[in-house]
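Here is a short walk through one protein structure. Keep the sequence and the 3D view side by side as you read.

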Amino acid sequence: MLTLHHLLTSRSSRIIWLLEALGTPYNLVTHKRGQNMRAQADLAAIHPLGKAPAIVDGDLVLVESSAILRYIAEHYGNGRFMPPAGSNARAKHDEWLDYAESSLMMPVILKLSSLMGGGQNSLADFAAPEFEKALNHVTSGITPGPFLMGAELTLADMQISYCLSLMESAGLLKDRPEITAYWQRLQAEPSFKRTIEIGGPMVSPYAKMLETFEKE
Ligand SMILES: N[C@@H](CCC(=O)N[C@@H](CS)C(=O)NCC(=O)O)C(=O)O
């Protein structure tokens with residue numbers, strides 16, 4: 001039976017909602033937040049990112065709420081609560097799923113952080129350890145590689161490429177030889193080379209970005 005790791009007062013309520021709406025049986029493991037509202041070691045024992053939601057279903061350990069919602073709806077819900085695969089409606093639905101955790105969440109978090117001010121809640125304090133954790137996660141994702149999903153280039157590599165490009169441009173991959181080598185492999189792909197020929201460089205040089213921000 002599927003196990004849901006739920007952190008109190010968190011995004012993982014989304015998953016309880018879907019499981020309840022489908023009537024799918026599941027084990028619920030509830031985790032408490034610690035100091036500064038952060039998750040504790042019990043969640044990191046489930047997945048190295050130490051975040052909720054996480055599900056365990058047989059051999060599969062899955063994080064990221066939108067991936068979990070899709071997985072449960074497909075495997076346990078016979079596609080309920082999603083427009084049919086391949087339809088335009090499904091594409092727009094997936095756009096909302098991704099938007100909620102990316103382009104919408106980013107300004108929401110930045111706004112909240114600005115309301116909270118500095119100190120323990122400052123974005124910089126939060127970002128430093130999270131950034132290292134994220135790079136460790138990417139490193140484990142590309143091991144053994146050569147791509148994120150193993151032998152084949154997938155959408156996941158295309159999606160992560162922009163993050164890699166930004167980090168490299170800012171010199172943030174200097175101490176990360178595995179990620180640097182992976183990024184070089186992606187850039188060596190003939191289809192990536194065509195991308196740059198057609199679309200131009202993925203990011204501006206970091207020094208130029210700084211210059212632009214300083215002028216504003
Ligand atoms: N993009 C992830 C975000 C996961 C996430 O940040 N979860 C929060 C709960 S709302 C968490 O576990 N925070 C505890 C922590 O970072 O220490 C998702 O959609 O699942």
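Two residues are in contact if their C-beta atoms, placed from the backbone, lie within 7 Å. Of the contacts in the protein with a separation of 6 or more, 56% are between residues 24 or more positions apart.

A word on the model itself. It is predicted: local features need pLDDT of at least 70, side-chain atom pairs count only at pLDDT 80 or more, and totals for chains, interfaces and linings use all residues. Residues are numbered from 1 along each chain as its sequence is written.

Now the overall layout. The protein has ten helices and four strands. These are DSSP runs, numbered from the N terminus: helices are H or I with at least four residues, strands E with at least two. Along the sequence the pattern is β-α-β-α-β-β-α-α-α-α-α-α-α-α. The C-alpha atoms fill a box of roughly 50 × 45 × 35 Å along the principal axes. Domain 1 spans 3-83 and domain 2 spans 142-215; such bounds come from an automatic or database domain assignment. The centres of the two domains, taken over C-alpha atoms, are 30 Å apart.

How much of the protein is buried? Of its 216 residues, 15% count as buried. A residue is buried if 20 or more other C-beta atoms lie within 10 Å of its own, exposed if 12 or fewer, and partly exposed in between, with C-beta atoms placed from the backbone.

Helix H1, residues 13-22, shows both kinds. Its buried residues are Ile15, Leu18 and Leu19. They sit on the same side of H1, because they cover an arc of only 95° around the axis. That arc is taken from the directions from the helix axis to the C-beta atoms. On the other side, Trp17, Glu20 and Ala21 are exposed. The cover over the buried residues of H1 includes strand E1 (3-7), strand E3 (54-57) and helix H3 (65-76). After H1 comes glycine 23, with a positive phi near 75°.

Helix H3 also holds serine 66. Serine 66 is partly exposed because 17 other C-beta atoms lie within 10 Å. Beyond its neighbours within four places in sequence, serine 66 is in contact with Leu97, Asp98 and Glu101. Serine 66 and tyrosine 99 are 33 residues apart in sequence, and their C-alpha atoms are 9.9 Å apart.

Finally, the ligand. The residues around the ligand include Leu7, Arg11, Ser65 and Glu101, each with its C-beta atom, placed from the backbone, within 6 Å of the molecule.
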